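Visitor: Show me the model first, please. Then we can go through it piece by piece.

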Amino acid sequence: MDARKLKIEAAAEALTHVRDGMRLGIGSGSTAEEFVRLLAEKVATGLTIIGVPTSERTARLCVELGVPLTTLDEVPELDLAIDGTDEVDGALSLIKGGGGALLREKIVAAASQKMIVIADETKVVETLGRFPLPIEVNRFGLGATKVAIAKACADLGLAGPVILRQKNGEPFVTDGGHYILDASFGRIPDTRALSSALHAIPGVVEHGLFLGLASAAIIAGPGGIRTMTIA
C-alpha cells in the first residue's frame with residue numbers, strides 16, 4: 001500500500017469525528033492536506049463547519065477548495081483540531097514541525113478541546129527523537145540562542161547536531177517570521193525536562209514537542225486503521 005493511500009485512510013477515519021457546526025482546527029502537512037480535501041467534499045454536500053488553519057499553505061488550500069475559515073481572534077475556542085505528526089509515542093507525545101508550522105499548530109491545539117493526530121504507522125515510535133526536533137527561534141541573537149540550546153541539551157545528556165534549517169540555500173523562515181533549528185538527538189528519554197529547558201531560553205519561541213495535547217492518534221497501516229488513546 002502506498003504512503004498516500006495510508007494518509008487518505010487516516011484522514012477519512014478522522015473525518016468521522018467531525019460533527020455539523022464544529023469549530024475546527026485544521027493542521028498542516030501532507031496528511032492534513034488529505035484531510036482538507038476530504039473535508040471539502042463534505043462541506044460541498046452540506047456539512048457546516050468553520051476552520052482555523054495552522055499555516056498559510058493550509059489556508060490557501062482551504063480557500064481553493066471552499067472550506068470556510070475564521071481566526072482565533074474571532075473564534076478563540078475550538079471543538080477539535082485534526083493534524084498530522086512527525087512522531088508519536090505510546091503516551092501520545094508528539095514531535096511536530098517538520099513542515100515548519102509548529103508554533104501555529106501548537107497554538108491551535110492548545111485552543112482546542114480535543115486534538116486528533118493522523119499518521120501512517122511509520123510515525124509511531126517507542127521513544128521520541130528519531131525525527132530531528134524543530135525549535136523555532138527568534139532571528140535576533142541566533143548564535144547565542146544556538147549556544148544556549150546546545151548547553152541546555154548537553155546538561156540533559158543529549159548530544160547531536162543542531163542545524164539551522166535551509167530552503168533554497170537561504171534560512172527557512174516560518175509563517176511567523178522566525179528561523180528553525182533542527183536538533184538531532186536520536187532519542188529523548190525525558191521530554192518534559194527538555195521542554196522546560198528549551199522554554200527557559202529567551203531566544204526560543206517554541207519547540208516541536210507536543211506534550212499532553214493529543215487525545216487520540218489515528219494510525220493507518222497495511223493491516224488497517226487503529227486508534228491510539230491513553231487509558
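**Rings, sheets and spaces**

Visitor: How far from the ring centre of F210 is K96?
Guide: K96 lies over the face of F210. The criterion is Lys NZ or Arg CZ within 6 Å of the ring centre and within 35 degrees of the ring normal. For K96 the distance is 5.6 Å.

Visitor: What kind of model is this?
Guide: Residues are numbered from 1 along each chain as its sequence is written, and side-chain values use heavy atoms, without hydrogens or water. Local features need pLDDT of at least 70, side-chain atom pairs need 80 or more, and totals for chains, interfaces and linings use all residues, as the model is predicted.

Visitor: Which other lysine lies over the face of F210?
Guide: This one sits at 5.0 Å from the ring centre of F210. The lysine is K106.

Visitor: Which residue is the bridge partner of L94?
Guide: Strand β5 (residues 94–95; strands are DSSP E runs of at least two residues) is joined to β13 by 2 bridges. The two strands run antiparallel. In β13, the partner of L94 is F210.

Visitor: Which strands are the edges of the 3-stranded sheet?
Guide: This open sheet has antiparallel pairing, in the order β4-β5-β13. Pairing takes at least two DSSP bridges. Each edge strand pairs on one side only: β4 (87–88) and β13 (209–210).

Visitor: By how much are neighbouring strands of the 4-stranded sheet turned against each other on average?
Guide: The order of this open, antiparallel sheet is β8-β11-β7-β12.

Visitor: Which residue of β12 stands opposite E136?
Guide: β7 (residues 133–137) and β12 run antiparallel. They are joined by 3 bridges. Opposite E136 stands E206.

Visitor: At what angle to β12 does helix α4 run?
Guide: Helix α4 covers residues 102–110. It lies across β7, β11 (179–183) and β12. Its angle to β12 is about 65°.

Visitor: Which elements give two or more residues to the lining of the largest pocket?
Guide: The largest pocket has a volume of about 580 Å³. It has 27 lining residues, and S28, G29, R57, G99 and G100 are the closest to its centre. The elements are α2 (30–44) and α3 (56–65).

Visitor: What is the volume of the largest cavity?
Guide: The structure holds 1 cavity of 30 Å³ or more. Its lining includes G25, T54, D83, E105 and M115. β1 (23–26), β3 (80–83) and α4 each supply at least two lining residues. The volume is about 40 Å³.

Visitor: How many aromatic pairs are found?
Guide: The search covers the whole structure. Ring centres of Phe, Tyr or Trp (six-membered ring) must lie within 6.5 Å. The number of pairs is 0.

Technical notes. Contact = heavy atoms within 4.5 Å. Axes fitted to C-alpha atoms, helices over the stretch in contact; angles between N-to-C directions. Phe/Tyr/Trp six-rings, centres within 6.5 Å; stacked < 30°, edge-to-face > 60°. 1 Å grid on protein atoms, 1.4 Å probe; cavity = no way out; pocket = protein on both sides within 12 Å on 5 of 7 lines; lining within 4 Å. Points joined across faces, edges and corners; volume = space filled by probe spheres on them.
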